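Let's take a look at this one together.

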Amino acid sequence: MSSTPSRPGQLLPPSSPPAATRSLTQELGIASSGPGQLQEIAEIEDLETSAAAGASGTASPIISLVDRILIEALTSGASDIHVEPQENTLEVRFRLDGVLQKQFEDLPKSLTPAVTSRIKIMAELDIAERRLPQDGRIRRMFRGRKMDFRVSTLPGRNGEKICLRLLDSGATQLGLDTLITDGEARQTLREMGSKPYGMLLVTGPTGSGKSTTLYALLAERNDPGINISTVEDPIEYTLPGITQTQVNRDKGFDFSTALRAFMRQDPDVLLVGETRDLETAKTAIEAALTGHLVMTTLHCNDAASAIARLSEMGVEPFMVSASLLGIVSQRLVRRVCPDCRISYEPSPEELARFGLMASNETHVTFYKANTQSRNDHNRCSSCNGAGYKGRVGVYEILRMTDGLAAAVAKHESTDVLRRMAIENGMKTLLGYGLQLVRDGHTTLGEVERMLLTDSGLESERRARSLSTLTCTSCGAGLHDEWLECPYCLTTR
């Protein structure tokens, strides 16, 4: 961390690395003994203009404090801000590359009511209501771009916790060539997204990049000759040439209502932000069966379990089998910093946890993150000592075939569907992640953190065994269920 002192209210340059020991209250001249003044003022259009007003002393210190938190989050590339009252302090954490990190010293407990009220005022929430959760939105300009903050409050033991999700609606869209490193997976997804009709599901947890993948597909289909409509909650990206609408549940305008309205708008391609109930699922499938391409997201653990998720909603299996083009399951893993990564040789025990054999990985260079202290003056300038910089996608793509469609219509189990997909060449999430490790994009530790599960390891071992139906040692023919050659005992 630079030893150059900062004037209270002075903005740090974007290149300055964040440090856990910084004190915002000292920089802004806020006394820790009182809550500070909170002035209700007109909406601030630009965050940096507001912060500059705080530096000149014309704005309340609390207003400047909240604006500084938002600016620091935007400058550092955070995806979420967590403002969490503790027993004796107010803690602020940013989610950077999928991991929560403390960026500042904890704020005094006495500032909790003022900071909470300021954020709720900016989000146009009821500051008097502290017993129920509330949802709102903050919209501000930052360096010429329109930024949205999705705000959620939650009553807690020590006060209201506030979580803000950062949404850059004007962000530059990434193409599939940038998002997906595996050429075969990229081509498979591109072919499914170019079909004239059918339904494409993208699954994964919150924050796994589902919307980014869908918009990359939409960008490739975006053409004056095609009518594209989307319904989202909220609209995360802006794409010229398409119709985008946002749900409004207070007025009864939800996903299924929007889909029915789209069907009267002569659509070609439809994007549904999330399929979360039976009505939305059935309406989307009916649209796919009547000559439209429908793209939507679903929350489940992997590609094969999406079928069971739809069945749990009450969708008939024959409707799923008739409409589904394919399922994409994805995750995001941190990309190891290329400037400070450390090459090493993992132990046989470490490789065995991933189902790998040291003898088969002798030609691979493995890397681990070079994590450095934030107070280390010699830390890497590219990643600020984190060891990771940015994230890379991990994809599992299940493409529907006649055999899979028949199995879905017969209501086969998830395990059967997963095995059939693997036999048809599907690369598992774990297999894709391990390939990223071999290519030097990430580390075994990151793959373990995000992807290593018992079922995932079993699926990857099955996929690996299916690719070796002949013993590499003695040349004998092997059965699918054999994990080693019974003649020479060579592991497959």
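P234 sits in the loop between β9 (228-232) and β10. (Helices here are DSSP runs of H or I with at least four residues, strands are runs of E with at least two, and both are numbered from the N terminus.) The peptide bond that joins D233 and P234 is cis, with omega at about 0°. For context, most peptide bonds are trans, and most residues other than glycine have a negative phi.

Two residues have a positive phi without being glycine. One is D266, with phi near 55°, in the loop between α8 (255-262) and β11 (269-272). D266 has 64% relative accessibility, so it counts as exposed. The other is N384, with phi at about 55°, in the loop between β15 (366-368) and β16. N384 is partly exposed, at 24% relative accessible area. On that scale, buried is under 20% relative accessible area, exposed is over 50%, and partly exposed is in between, using a 1.4 Å probe and protein chains only.

Residues are numbered from 1 along each chain as its sequence is written, and side-chain values use heavy atoms, with hydrogens and water left out.

The pLDDT is the predictor's confidence in each residue, from 0 to 100. The protein chain averages 85, and 83% of the residues score at least 70. Residues 1-20 fall below 50, though this stretch has 42 contacts in the model beyond near neighbours in sequence. Residues 33-44 are also below 50, with 26 such contacts. A contact means heavy atoms within 4.5 Å. Where pLDDT is low, the predicted coordinates should not be read in detail.

## The sheet

What is the strand order in the open sheet of seven strands? It runs β10-β9-β11-β12-β8-β13-β16, with mixed pairing. Strands pair if DSSP finds at least two bridges between them. At the edges are β10 (243-246) and β16 (388-399), each pairing on one side only. Neighbouring strands are turned by 20° against each other on average, ignoring direction.

Within the sheet, β8 (198-203) and β12 (293-298) pair in the parallel sense over six bridges. T203 has L298 as its bridge partner in β12. Helix α6 (183-193) packs on the sheet and touches β8, β12, β13 (324-336) and β16, and its direction makes about 60° with that of β16. Helix α15 (429-438) lies across β13 and β16, at about 140° to β16.

## Helix pairs

Axes are lines fitted to C-alpha atoms, for helices over the stretch in contact, and angles run from 0 to 180 degrees between N-to-C directions. Helices α13 (402-409) and α14 (414-423) have axes that come within 10 Å and cross at roughly 180°. That makes α13 roughly antiparallel to α14. (Under 35 degrees is roughly parallel, over 145 roughly antiparallel, 65 to 115 roughly perpendicular, and the rest oblique.) G403, L404, A407 and V408 of α13 meet L417, M420 and A421 of α14.

Helices α3 (61-76) and α4 (112-122) pack at about 70°, with axes 10 Å apart. These two helices are therefore roughly perpendicular to each other. Residues in the contact include I62, L65 and D67 of α3 and V115, R118 and M122 of α4.

Technical notes. This is a predicted model: local features need pLDDT of at least 70, side-chain atom pairs count only at pLDDT 80 or more; totals for chains, interfaces and linings use all residues.
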